[in-house]
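User: Here is a model I would like to go through. Please set each label against its cut-off.

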Amino acid sequence: MPEGLWPVLALIAFVLVYVVVRIREYMRVSNEQWKKVDKSKLREWDDDDDWGDRG
């Protein structure tokens, strides 16, 4: 492989790892926030699963 290719591959690998770590962090924060929600105030919507009646 060309010698200049390794830094590019290393940079791509670093960016991918960074993105995956950030996504996992956001998922963790989201789960914590969901656990703290007062779920008694959530409502059921009548049209949640009625996708077939749109046409």
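**Labels and cut-offs**

User: Why is R28 called partly exposed?
Analyst: R28 has a relative accessible area of 43%. Buried means under 20% and exposed means over 50%, so R28, at 43%, is partly exposed. The model is a predicted one.

User: What makes the contact of E32 with R28 a salt bridge?
Analyst: The closest N and O atoms of E32 and R28 are 3.0 Å apart. The cut-off is a side-chain nitrogen of Lys or Arg within 4 Å of a carboxyl oxygen of Asp or Glu, so the pair counts as a salt bridge. Both residues lie in helix α1, four residues apart, about one turn of the helix. E32 is partly exposed, at 37% relative accessibility.

User: How many salt bridges does a search of the whole structure find?
Analyst: The search finds two. One of them joins the side chains of R22 and E25, at 3.5 Å from N to O; the limit is 4 Å, so this pair also qualifies.

User: How far apart are R22 and E25 in helix α1?
Analyst: They are three residues apart, which means a separation of about one helical turn. R22 is partly exposed at 29%, and E25 is partly exposed at 33%.

User: Which residues make the patch?
Analyst: L11, F14, V15, Y18, V19, I23 and M27 make a nonpolar surface patch of about 690 Å².

Key. Residues numbered from 1 in each chain as written. Predicted model: local features only at pLDDT ≥ 70, side-chain atom pairs only at ≥ 80, totals over all residues. Heavy atoms only, no water. Patch = residues over 30% accessible without salt bridge, like charges linked within 9 Å, V, L, I, M, F, W, Y side chains within 5 Å. Areas by Shrake-Rupley, 256 points an atom, 1.4 Å probe, with all protein chains shown as cover. Helix = DSSP H or I, 4+ residues; strand = E, 2+ residues; numbered from the N terminus. Buried < 20%, exposed > 50% of the residue type's maximum accessible area, 1.4 Å probe, protein only.
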